[in-house]
Amino acid sequence: MADFYDNRWVRQIVDLQHADGSWGYFHSLGQFTKTRPITTEQALRRLYILGLTKADEPIDRALGYMNDCLLGRRQPPDRREKVLNWDAFQAHMLAAWIRLFVPNDPIALAVARMWAEITALSFQNENFDEAIYAAEYRKRIPILHTGERMIRLPQFYMVNLLKGLLDETTEAWFIGHIISNADGIYYVYASKIAEPPGAFASRKTSFYLAALEQITGYSCASGKLGFAKEWLVRHRDENGEWDLGAPAKDGVYFPLSDSWRKPEDRKRDCTIRVEKLLKALGGI
């Protein structure tokens with residue numbers, strides 16, 4: 001952990017962590033105060049991107065908090081939304097974050113396996129069947145409020161929740177469904193993944209990389225994302241580096257280094273990220 005404390009972004013986030021291991025609200029936006037300037041999942045996402053793991057004390061504390069919430073020992077202070085079954089949403093959200101850091105956590109796995117079962121039953125000969133999904137969903141998750149919508153597949157939590165739990169065929173169908181979804185991966189990227197951004201040096205490309213990063217870890221990722229690998233290679237500069245430009249700095253995925261005042265620091269951060277992604281996809 002000592003090396004990470006040399007990073008100003010890590011220090012800022014860790015200094016805000018509460019005694020219970022959270023950062024206040026878990027998911028709900030728009031309820032910030034001076035003592036709660038970020039949500040728990042915003043903190044976790046940034047720390048994960050900066051390289052912290054379960055071995056680091058702030059993450060270990062946060063995992064303890066999330067497990068307590070998943071077991072009902074604690075209750076996040078978020079407002080219980082009525083647009084969906086909040087208990088089911090909260091459980092799948094917590095389990096996804098836990099599995100991101102501890103893939104074999106038994107409590108999170110129990111939640112993930114239920115969703116893997118629903119997902120597997122919902123694909124028929126490669127095609128996602130909305131009616132089957134709705135039927136299987138409602139067998140397990142009751143309607144609590146009039147007009148309540150279902151939790152959808154193409155979103156951040158589900159993509160991370162199901163890693164390693166689908167058989168080879170279903171996994172390929174599921175990832176194909178995610179890549180071809182017109183609205184990308186909810187909470188991460190709002191355009192079709194099968195169509196890379198027109199301008200490489202942009203904030204949109206940073207979010208596009210984030211979508212690709214969610215898919216890594218699936219055994220079919222390298223084969224399914226061959227087009228994206230080729231696109232990335234085409235955008236290397238003459239020095240073998242990548243540069244997404246100053247607008248890519250968003251305080252979430254970038255920067256990695258303390259500052260982008262120097263263009264070489266920005267290029268180094270961008271290159272580190274793209275090289276890591278390419279390696280996860282089997283290399284160039």
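Modeller: What follows is a set of labels, each set against its definition.

Modeller: This is a predicted model, where local features need pLDDT of at least 70, side-chain atom pairs count only at pLDDT 80 or more, and totals for chains, interfaces and linings use all residues. Residues are numbered from 1 along each chain as its sequence is written, and side-chain values use heavy atoms, with hydrogens and water left out.

Biologist: Why are α3 and α4 called roughly antiparallel?

Modeller: Their packing angle is about 150 degrees, and their axes lie 10 Å apart. Axes are lines fitted to C-alpha atoms over the stretch in contact, and angles run from 0 to 180 degrees between N-to-C directions. Angles over 145 degrees count as roughly antiparallel, under 35 as roughly parallel, 65 to 115 as roughly perpendicular, and the rest as oblique. So α3 and α4 are roughly antiparallel.

Biologist: Which residues of α3 and α4 meet?

Modeller: Contact means heavy atoms within 4.5 Å. From α3 come Ile59, Leu63, Met66, Asn67, Cys69 and Leu70; from α4 come Ala91, Leu94, Ala95, Trp97, Ile98 and Phe101. That contact divides into eleven nonpolar residues, one polar and no charged.

Biologist: How does α4 pack with helix α5?

Modeller: Helix α5 spans residues 106-122. Its angle with α4 is about 115 degrees, and the axes are 9 Å apart.

Biologist: What makes Cys69 buried?

Modeller: Buried means under 20% relative accessible area; exposed is over 50%, and partly exposed lies in between (1.4 Å probe, protein chains only). Cysteine 69 has 5%, so it is buried. Cysteine 270 has 0%, so it counts as buried too.

Biologist: How many disulfides does the search find?

Modeller: Zero, across the whole structure. A disulfide here is a pair of cysteine sulfur atoms within 2.5 Å.

Biologist: What makes helix α2 mostly covered?

Modeller: Helix α2 runs over residues 40-49, and seven of its ten residues are buried. Among them are Thr40, Glu41, Ala43 and Leu44. The buried residues pack against α1, α3, α4 and α7.

Biologist: Which residue follows α2?

Modeller: Glycine 51 does, with a positive phi near 105 degrees.

Definitions and conventions. Helices (H or I, at least four residues) and strands (E, at least two) are DSSP runs, numbered from the N terminus. Ala, Val, Leu, Ile, Met, Phe, Trp, Tyr, Cys and Pro count as nonpolar, Asp, Glu, Lys and Arg as charged, and the others, Gly among them, as polar.
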